[in-house]
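The tour goes stop by stop: select, look, move on.

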Protein chains: 2
Amino acid sequence: MKRIVKAAALVGVVALLASPLAAKKVKWKLAETWPSTLTPLASPPLKLAQYVKEMSDGKFIIKVEGKEKHKAPLGILDMVKGGQYQMGHSGSYYWKGKDINTVWFTTVPFGMTPSEQYAWFYYGNGMKYMKEVYDKFGVMNFPGGNTGNQMGGWFRKEINSVDDLKGLKMRIPGLAGEVLAKLGVNVTNIPAGELYTSLDRGTIDALEWVGPGMDIKMGFHKVAPYYYTGWHEPASEMQFLVNKKAYNKLPDNFKAILVTAMKAAAFDMYVENFAESVKAWDKMKKDFPNIKVKHFPKPVIGAMRKAATEVYESYAAKNPKFKEIYEDYTSYMKKARAWSQMMQGGYLNLDK
Amino acid sequence: MKRIVKAAALVGVVALLASPLAAKKVKWKLAETWPSTLTPLASPPLKLAQYVKEMSDGKFIIKVEGKEKHKAPLGILDMVKGGQYQMGHSGSYYWKGKDINTVWFTTVPFGMTPSEQYAWFYYGNGMKYMKEVYDKFGVMNFPGGNTGNQMGGWFRKEINSVDDLKGLKMRIPGLAGEVLAKLGVNVTNIPAGELYTSLDRGTIDALEWVGPGMDIKMGFHKVAPYYYTGWHEPASEMQFLVNKKAYNKLPDNFKAILVTAMKAAAFDMYVENFAESVKAWDKMKKDFPNIKVKHFPKPVIGAMRKAATEVYESYAAKNPKFKEIYEDYTSYMKKARAWSQMMQGGYLNLDK
């Protein structure tokens, strides 16, 4: 009898130890494109690590390493694919050299706003396409925080017509650079550390960076007083990358903890970035009243939009998956924009 | 030696059983103001229950009960306070009879947009005030999903001037009703089931409901073809309510699981509701092209805004906490609106 009780107790213990909750500690590493102090971009991985640790009672630990540690800011996808890191935090459009379709999961020129894009991700076909594009890398990809609409950049001279763009030397990367090149802009890329000097000396006439919070620190307003509003990155979404093999080895409750924590951390960054921008915009207007904030004139926007369509159509002609996503994205955006303009735009214009 | 090993094993087992993760199951109940099928309003509690169950490996269960079960849609705060339910899902402004300051955590006429309000909640003083207002009930309160800007309502006749509002019989509850009453509107409340008939027979001339998705199902467009855009509920945030004593009894990891799951579920509803509105707006325009969508004329908006300020100032004169929150809210909104109008509004107006 005593022996039976003991045996039963042992079975209980073994069952308890074998259950996922009693599993031994999971320790992961996450590499991010940013320096680990560059908030709000660097906030989602830190929040993720905190949420996961607390929710797993300290049994699932994610160690976050910034670019100052791994020295490979644009090597995140490769490192997560190869398994050196179980996770990454970066921007999908950095991988457009590997697959042009990665651009759809960050933002595109004249693309959706953050609310529209989240609706497309979760209630349209966005997450389905994200999975299709990233499956071949053995990597899972999740939204990782949004910067909202970025500013269109700093210009030494005012832009009054499409002609003013011709021959202009501008630092503007990615698809937006391809769009402006079609309008005669001389598009260059220059490392961050040399941007101010290049603008000051006239090596370039204009540049695009991020938004008021990060731009003012760089001092661009001192040498290029025209600050144009954005058209080229209306809803830059960051990304979490997860090595699929590592994910599949997690117990089910850790999988759920990871996915829910990523969603909460991404939402946190959207709000944090908005709040930071509010503060920076208010401070900028008070401290630097001479900055001339401008919207591009309608004919210039029209020409940029036409050039953007040509860029999209040229990729679509070469790449059937691009064509498929482009059509789905455009059709969703058309419906969503009607609602945004009536509802959000209408409210912001109430007194106008 | 054998005895020592056995004793050590027993200590280990006892330690494991005493740890929070090995704690016995937690079973909670949540009461919501809505019928349990009324998505997207009813989505956050269902998502919450699912996330919490998965993340706790089935050890923390939340049973959701809709108003069809508990029959007390406006008794949620009392039931959570009294402990009959550990949680609730409702709207903060339903408790304005208990404390007028609860209105600040849903939305107010001419108030903040969803992005602005989330920034105020999490990076301004919003959550601090929410805690101060709800502490006396022994209840914790968390954001619980957002409907975005609601529509301004259905009118049998076009509103061309402030005079057209005088004597108008309208169903519009809450602070917005107090605002319109100042402009001569005869404000009434009518149960949902009688709204269509009242509008059809001319018992009322106008009513406010929610937005395209839920309004069209009620058939209002058949008898009141003027559909005005919103000014009175620009960012209706739902709320999760949690009984503080029940929360304090949870192990730390379950507390973290609950809080993170509420945040993810609230964000989910904001996106779901936006996506549903996109679909409903598109369908409405195709199926019912005769609905006349209108913005109120500028002088009407101006008069409503003036009346709203009078309503706020009258509460502020009687209630010091109202005055404090009103001033903080207004000052945050002013800064946030400058950024919203430039960044979100500017983008939506690019072609205008």
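Predicted model: local features only at pLDDT ≥ 70, side-chain atom pairs only at ≥ 80, totals over all residues.

B:Lys71 sits in the loop between helix 3 (67-70) and helix 4 (76-82) of chain B. Check its backbone: phi is near 60 degrees, a positive value in a residue other than glycine. Most residues other than glycine have a negative phi. Is B:Lys71 buried or exposed? B:Lys71 counts as exposed, because it has 7 C-beta neighbours inside 10 Å and the cut-off for exposed is 12 or fewer.

**B:Asp57**

Go back along chain B to B:Asp57. Here, too, phi is positive in a residue other than glycine; the value is near 55 degrees. B:Asp57 belongs to the loop between helix 2 and strand 2 (60-65) of chain B. B:Asp57 has 18 other C-beta atoms within 10 Å and is therefore partly exposed.

**The cis prolines**

Now select B:Thr39 and B:Pro40. Their peptide bond is cis, with omega near 0 degrees. Most peptide bonds are trans. B:Pro40 lies in the loop between strand 1 (26-32) and helix 2 (43-55) of chain B.

Jump to chain A and select A:Thr39 and A:Pro40. A cis peptide bond joins them, and omega is about 0 degrees. Look for A:Pro40 in the loop between strand 1 (26-32) and helix 2 of chain A.

**Chain A as a whole**

Stay on chain A and show it as a cartoon. Chain A has 13 helices and eleven strands. Its C-alpha trace spans about 95 × 45 × 45 Å along the principal axes. Color by burial: of the 352 residues in chain A, 48% are buried. Next, consider contacts in chain A between residues at least 6 apart in sequence. Of these, 77% join residues at least 24 apart.

**Helix 12 of chain A**

Select helix 12 of chain A. Its 21 residues should span 30 Å at 1.5 Å a residue, and its end C-alpha atoms are 31 Å apart, which agrees. Show the side chains of A:Val300, A:Met304, A:Ala308 and A:Tyr312. These residues of helix 12 are buried. Turn the view to look down the helix axis. The buried residues of helix 12 of chain A fall within an arc of 105 degrees, so they line one face of the helix.

What do they pack against? The buried residues of helix 12 of chain A pack against helix 7 (174-182) and helix 13 of chain A.

**Helix 13 of chain B**

Select residues 320-348 of chain B. This is helix 13, with 29 residues. From first C-alpha to last it reaches 39 Å, close to the 42 Å expected at 1.5 Å a residue. Where is its kink centred? Center on B:Ser340: helix 13 of chain B has a kink of about 35 degrees there.

**B:Ala265**

Next, pick B:Ala265 in helix 11 (residues 252-287) of chain B. B:Ala265 has 28 C-beta neighbours inside 10 Å, so B:Ala265 counts as buried. Setting aside residues up to four places away in sequence, B:Ala265 touches B:Pro44, B:Lys47, B:Leu48 and B:Tyr51. Then draw a distance to B:Gly302. B:Ala265 and B:Gly302 are 37 residues apart in sequence, and their C-alpha atoms are 37 Å apart in space.

**Where the chains meet**

Show both chains and color the contact. Chain A gives 58 residues to it, and chain B gives 58 residues. Helices of chain A that each supply at least two residues to the side touching chain B include helix 1 (2-18), helix 2 (43-55) and helix 5 (114-123). Helix 11 (252-287), helix 12 (298-318) and helix 13 (320-348) of chain A are also among them. Helix 11 of chain A gives the largest share, 16 residues. By class, this side of chain A has 33 nonpolar, 17 polar and eight charged residues.

**The axis**

Finally, superpose the copies. A rotation of 180 degrees with 0.0 Å of shift along its axis places chain A on chain B, with an RMSD of 0.0 Å. The two copies are thus related as by a two-fold rotation axis. Which residue of chain A comes closest to the rotation axis? Select A:Ala264, whose C-alpha lies 2.5 Å from the axis. Last, compare the two sides of the contact. 100% of the interface residues of chain A are also interface residues in chain B, so the copies meet through the same surface.

Technical notes:
Residues numbered from 1 in each chain as written. Chains lettered and ligands numbered in written order. Helix = DSSP H or I, 4+ residues; strand = E, 2+ residues; numbered from the N terminus. Expected span 1.5 Å × (residues − 1). Bend = angle between axes of the 7 residues up to and from the residue. Contact = placed C-beta atoms within 7 Å. Nonpolar A, V, L, I, M, F, W, Y, C, P; charged D, E, K, R; others polar. Least-squares fit on C-alpha atoms with pLDDT ≥ 70 in both. Buried ≥ 20, exposed ≤ 12 C-beta atoms within 10 Å, placed from the backbone. Arc of directions from axis to C-beta.
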